[in-house]
Structures are given as C-alpha cells and as structure tokens.
Amino acid sequence: MDVKRLFQMKRPCPDCPFLKEGGIELRDGRLRKIKQELMADDKQSFQCHKTTYSTGGGYDEDSGKYQPSGKEAYCAGAMAFLYANRRMNVPMRLGVILGVLDTADLEASILLIDTNI
C-alpha cells in the first residue's frame, strides 16, 4: 500500500462535493449520509471521486460494493470536514503519525467546505 498516495490530495478538488460552492451535485441526501457515516465510524475513510473509477477501481455486482484499485487517494474535502468537526478518523491520525498528512493543509481547506452535518 502506498501511504503517500492515499494522502496525496492537499486541497479539495474544484468540484469536491464537500465544497460550499461549486461541488458536484450528489443525489438528494447522499452527502448528508456520507457525512453521518464518517462521523459515526472513525475507521472509515472517503476516497476522492477523481481517484476511484479512473484508477481502475470498479463496482462489484456480486458484493454490491466498490472494489478499490489500490491507487485511490483520500478526499481532502472529507478530511477537512472531519477535522473541522474535531473528528479525525483512524486513517487521518495514522497519516499525521507517519508524516504524510499535515494538519495545516486541513486547516487551510476548512473555509472552503461545508462543515455542517
């Protein structure tokens, strides 16, 4: 596993769904559900939409779940959301410990994202 790759996103993408303005539109209620799931489970991460299917990951019809390629990166918007709500999850804490996630990057992104649950 390439830990640096997981934390390669330093700022939310221009169309990150966590942005206050300009993010991609998700189906009604989807972003709220994602936020609630992230807040409820500190082991769960959320991958940047630009690094999922485009890197070779795909939906497995048998399991009904996304099957990662191993080339995904964590969503900077999701991490900033968690950081703003004082809920750094386990992957984020490990990223800080390993020196591949800088909380200054998260702090710089907070003003850009919708921190409401």
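Author: In what follows, Ala, Val, Leu, Ile, Met, Phe, Trp, Tyr, Cys and Pro count as nonpolar, Asp, Glu, Lys and Arg as charged, and the others, Gly among them, as polar. This is a predicted model, in which local features need pLDDT of at least 70 and side-chain atom pairs count only at pLDDT 80 or more, while totals for chains, interfaces and linings use all residues. Residues are numbered from 1 along each chain as its sequence is written, and side-chain values use heavy atoms, with hydrogens and water left out.

The count comes to two cavities of 30 Å³ or more (on a 1 Å grid over the protein atoms alone, a cavity is a set of points where a 1.4 Å probe fits but cannot get out, and lining residues have an atom within 4 Å of a point). The largest cavity has a volume of about 60 Å³ (the space filled by probe spheres set on the points, which are joined across faces, edges and corners). Its lining is made up of Leu38, Ser45, Phe46, Tyr74, Cys75, Ala78, Met79, Leu82, Asn89, Pro91 and Met92, and by class these are nine nonpolar, two polar and no charged residues. Helix 3 and helix 4 (90–98) each supply at least two residues of this lining (helices are DSSP runs of H or I with at least four residues, strands runs of E with at least two, numbered from the N terminus), and helix 3 gives the most, with three.

The second largest cavity, of about 30 Å³, is lined by Met9, Lys10, Ala76, Met79, Leu101, Asp105, Leu106 and Ser109. Here helix 3 and helix 5 (103–109) are the elements that give two or more residues, with helix 5 giving the most, three. This lining divides into five nonpolar, one polar and two charged residues.

Helix 3 also packs against another helix. The axes of helix 2 (residues 30–40) and helix 3 (residues 76–84), lines fitted to C-alpha atoms over the stretch in contact, come within 11 Å and cross at roughly 60°. The two helices are therefore oblique to each other. The contact (heavy atoms within 4.5 Å) is made by Lys35, Leu38 and Met39 of helix 2 and by Ala78, Phe81 and Leu82 of helix 3, and by class it has five nonpolar, no polar and one charged residues.

Of its 19 lining residues, Arg30, Phe46, Gln47, Thr52 and Tyr66 lie nearest the centre. Helix 2 and strand 2 (65–67) each supply at least two residues, and the largest share, three residues, comes from helix 2. By class, the pocket lining has nine nonpolar, six polar and four charged residues.

How values were computed:
Axes are lines fitted to C-alpha atoms, for helices over the stretch in contact, and angles run from 0 to 180 degrees between N-to-C directions. Angles under 35 degrees count as roughly parallel, over 145 as roughly antiparallel, 65 to 115 as roughly perpendicular and the rest as oblique. On a 1 Å grid over the protein atoms alone, a cavity is a set of points where a 1.4 Å probe fits but cannot get out, and a pocket is an open set with protein on both sides within 12 Å along at least five of seven lines; lining residues have an atom within 4 Å of a point.
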